[in-house]
Amino acid sequence: MSSQPSDAAAGTQAEISAEMAEIDKTHTSTGHARPQPVLNYPPYRSSILRHPTKDLHHADPEEIERWAPCFGPQDVGALEADLTVQHPGEPIGERIEVTGRIRDGAGRPVAGQLVEIWQANAAGRYIHQRDQHPAPIDPNFTGVGRCLSDAEGRYRFTTIRPGPYPWKNHRNAWRPAHIHFSLFGTDFTQRLITQMYFPGDPLLALDPIYRSITDARDRELLVARYDHEVTRPQWSTGYRWDIVLTGPHRTRFEEDDA
Amino acid sequence: MRRSTPGQTVGPFYHYALPYPGDHTLVPPGSANAIRFHGTVIDGAGDPVPDALLEIWQPAPDGSVVRRAGSLHRDGFTFTGWGRASTDTTGHFSFSTLRPGGPDAFFAVTVFARGLLDRLFTRAYLPSPEPAPFLKGVDAERRGTLIAVAEPQGFRFDIRLQGDGETVFLNFGTDER
């Protein structure tokens, strides 16, 4: 095991990319299916001391784990799904709508559940003390949203397209633009925190967090698609991103992701 | 079955988004029957993890599954069975809650952290002279990592992400492909 400290800014992008390519090659050649993402993924330096080394222990869900916590209208304000109206002025940037459906592995909608998002502003800066990226803070954009999914499992946010930003994983490391999503399913075991990316982003191929999902078919599930049906005339461009939260009774998937 | 949407790390910048006032107080501290459920998250070098986020989900003291909304705006009277806590600079987290009831009771725990690429699930069982059936199937050497330690005010449950005393993390059948 490497003893390299977290956030070591030692490697170059070329070195990180070579490490990622080597891992991809190993995974492809063994044909061994792995959990996605891979928790032990050294190109993401901060994972080195923070991944379990033992196999996960199989557990059949007990009663409490077959239920998810309940959220309701008292938990989420109606305006929280619009990240562009939380301040006196309009935020700077490209206004977008992001919408999609949340379903379980059998295709059933996850209805009335809490969806939380957070993101950087158009310049790639978070309102967070730890973010020292010298890009402007937008006084009219916090970058936090919440909503409840509707009866069909649909969620919808209005926001600003986030910018990419530098980080210290390696030299000249840049995160592709993304929106963090926190999701609850119908079972406790479906709890998921993930990141939604934008189509065609050249930084995706260079990013060790995205690439820790070593199966390309799986990681592409995190990329939203531009959808002109979601685009609103004279107002905002639209992206669609559907989410599947599988439960404990999941069997091997079929190729039916239409 | 459809392909599952993969997870990604919670990252370093969730502090202004996921925590909220009252997140870790399922019941007001000091109220009748309130207990403390707390511990420290530790990495593979034995250092505390100051940027982890924990969630607990538990039955009510009578063992029932709680079906009550209101976790995000707690009214001080409704027990929702769910809470969220960030670790502080010393890697410590703390909840004020009620004792989970029922046979073989445990807190279901979810762990998120910067550097942790996907969430981890575990269970904090209440100490009992007769271990729960599930615990008997866990290596005796590691079983203790799933059992909270009784204290005068509640229970302590430390989480070791890696290395000596690594916590047993659970797979409910969703992580195999």
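This is a predicted model: local features need pLDDT of at least 70, side-chain atom pairs count only at pLDDT 80 or more; totals for chains, interfaces and linings use all residues.
**Close-up views of chains A and B**

View 1. Beyond its neighbours within four places in sequence, A:Ser212 is in contact with A:Gln36, A:Pro37, A:Val38 and A:Tyr41 of its own chain, and with B:Gln8 and B:Leu117 of chain B. A:Ser212 sits in the loop that joins H2 and H3 of chain A. The relative accessible area of A:Ser212 is 0%, so the residue is classed as buried. A polar atom of the A:Ser212 side chain lies 2.7 Å from the backbone oxygen of A:Ile209.

**View 2. The interface of chain A and chain B.** On the chain A side, 91 residues are in contact with 72 residues of chain B. The size of an interface is often expressed as the accessible area that is lost when the parts come together. Chain A and chain B bury about 7700 Å² between them, and 58% of this area is on carbon and sulfur atoms. Between the two chains, 36 residue pairs are in polar contact, both residues being at pLDDT 80 or more. Several elements of chain A give two or more residues to the side that touches chain B, among them strand E3 (114-119), strand E4 (144-148), strand E8 (178-183), helix H2 (208-211) and helix H3 (216-219). The element that gives the most is E9(A), with five residues. By residue class, the side of chain A that touches chain B divides into 42 nonpolar, 24 polar and 25 charged residues.

**View 3. A salt bridge between A:Arg50 and B:Asp51.** Six salt bridges are found across the interface of chain A and chain B. In the pair shown here, the closest N and O atoms of A:Arg50 and B:Asp51 are 2.8 Å apart.

**View 4. Strand pairing between E1(A) and E10(B).** E1(A) pairs in the parallel sense with strand E10 (residues 170-171) of chain B, over two bridges. Within this pairing, A:His58 has B:Asn171 as its bridge partner in E10(B).

**View 5. Strands E2 and E5 of chain A.** Strand E2 (residues 95-104) of chain A and E5(A) pair in the antiparallel sense, with seven bridges between them. A:Thr159 in E5(A) is the bridge partner of A:Ile96. Strand E5 (residues 154-160) of chain A is mostly covered, five of its seven residues being buried. In a regular strand, side chains alternate between the two faces of the sheet.

View 6. Leaving aside neighbours within four places in sequence, the contacts of A:Thr84 are A:Gly89, A:Pro91, A:Arg95, A:Thr158, A:Thr159 and A:Ile160. The side chains of A:Thr84 and A:Asp82 make a polar contact at 2.5 Å. A:Asn140 is 56 residues from A:Thr84 in sequence, but the C-alpha atoms of these two residues are 7.6 Å apart in space.

View 7. A:His133 touches A:Ala123, A:Gly124, A:Arg125, A:Tyr165 and A:Pro166, residues up to four places away in sequence not being counted. With a relative accessible area of 14%, A:His133 is buried, because the cut-off for this class is under 20%.

Key:
Residues are numbered from 1 along each chain as its sequence is written. Chains are lettered from A and ligands numbered from 1 in the order in which they are written. Side-chain values use heavy atoms; hydrogens and water are left out. Contact means heavy atoms within 4.5 Å. Buried area is the accessible area (1.4 Å probe) that two parts lose on being put together, summed over both. A salt bridge is a side-chain nitrogen of Lys or Arg within 4 Å of a carboxyl oxygen of Asp or Glu. A polar contact is a pair of N or O atoms within 3.5 Å; within protein, one must be able to donate a hydrogen and the other to accept it, and residues adjacent in sequence count only if both atoms are side-chain atoms. Helices (H or I, at least four residues) and strands (E, at least two) are DSSP runs, numbered from the N terminus. Ala, Val, Leu, Ile, Met, Phe, Trp, Tyr, Cys and Pro count as nonpolar, Asp, Glu, Lys and Arg as charged, and the others, Gly among them, as polar. Two strands pair if DSSP finds at least two bridges between them. Buried means under 20% relative accessible area, exposed over 50%, partly exposed in between (1.4 Å probe, protein chains only).
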